[in-house]
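Let's take a walk through this one, going from a single side chain out to the whole fold. Keep the viewer open as you read.

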Amino acid sequence: MTEYWPWWAGAAGLALLTINYAVTTDRSFGVSGAWDRVLHWRAERRVERVNAQFDDERVLAEALAAATVDQFGVGPAAPAVRPAPHGDARTPEQDARPPEAANSSLARLLPAPLASQVALLLAVFVGGWAAAVTSGRFQLRLDMGDAFGQIVTDKPIAMIGALFVGGVLVGFGTRLAGGCSSGHGLNGCGRLQPVSIVATAVFFGTGVLVSFLLWKVI
């Protein structure tokens, strides 16, 4: 373990990553969710194009009003325009402009831009590669290492099958839990969300149990 960062350095790095992502994007992040969106990038791009039409809350309100007329045949009454106080000369364009806070609240309800999800996955890959290169441990190999061969299997076909089944189970588990260890463990626990605390406890508890069974029992 002497080749790894000390625990406090890793904790500080993860905290800075989580805070920086929340500040720059105003959203939480999760690797499994990002991977799912990137795999379905065509559908995500269509959704982004549709959402872009309603960035302005005034446009969204007009679309909802039009849909109401189509559905019920009666449109909502036009709001009364109060006269501006003496000396407050405001143009109709200024009155119709939505407040910045409203646009900001609407933006937080939309998913993060697809480009940010691609950047997140690339950063995970590049960061791991850079860490391996700078520590002198980077090497290309077609197996999972000696420990994997001793504990699971050292046969190539069986190894591929085990990794495939494990990946399917991980994907199913993250969808069932509503997030992965990064989404729940970093973001959810950092915000003291009960569901994330329970999910993270189950993640790590299961990991400890399986590791014990592999090393001590099997």
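**Starting from a buried asparagine**

Asn-187 counts as buried, because its relative accessibility is 4% and the cut-off for buried is under 20%. Keep in mind that this is a predicted model. Asn-187 sits in helix 10, and, leaving out residues up to four places away in sequence, its contacts are Thr-18, Ser-28, Phe-29 and Ser-182.

Helix 10 (181-190) is also what the buried residues of helix 11 pack against. Those buried residues include Ser-196, Ala-199 and Thr-200. In an α-helix there are 3.6 residues a turn, so positions three or four places apart point the same way. How far apart are the end C-alpha atoms of helix 11? They are 33 Å apart, which agrees with the 34 Å that 24 residues (194-217) should span at 1.5 Å a residue.

Trp-129 belongs to a nonpolar surface patch with Phe-125, Val-126, Val-133, Phe-138 and Leu-140, and together they have about 670 Å² of accessible area.

Zooming out, the chain has 11 helices and 0 strands. Of its 218 residues, 16% count as buried. The chain exposes about 16700 Å², with carbon and sulfur atoms supplying 68% of that. As for how the chain folds back on itself, take the contacts with a separation of 6 or more: 66% of them are between residues 24 or more positions apart.

Note on methods: Residues are numbered from 1 along each chain as its sequence is written. This is a predicted model: local features need pLDDT of at least 70, side-chain atom pairs count only at pLDDT 80 or more; totals for chains, interfaces and linings use all residues. Side-chain values use heavy atoms; hydrogens and water are left out. Patches are made of residues with over 30% relative accessible area and no salt bridge: like charges are joined within 9 Å, nonpolar side chains (Val, Leu, Ile, Met, Phe, Trp, Tyr) within 5 Å. Accessible areas come from the Shrake-Rupley method with a 1.4 Å probe; for residues, only the protein chains shown count as cover. A salt bridge is a side-chain nitrogen of Lys or Arg within 4 Å of a carboxyl oxygen of Asp or Glu. Helices (H or I, at least four residues) and strands (E, at least two) are DSSP runs, numbered from the N terminus. The expected span of a helix is 1.5 Å times one less than its number of residues. Buried means under 20% relative accessible area, exposed over 50%, partly exposed in between (1.4 Å probe, protein chains only). Contact means heavy atoms within 4.5 Å.
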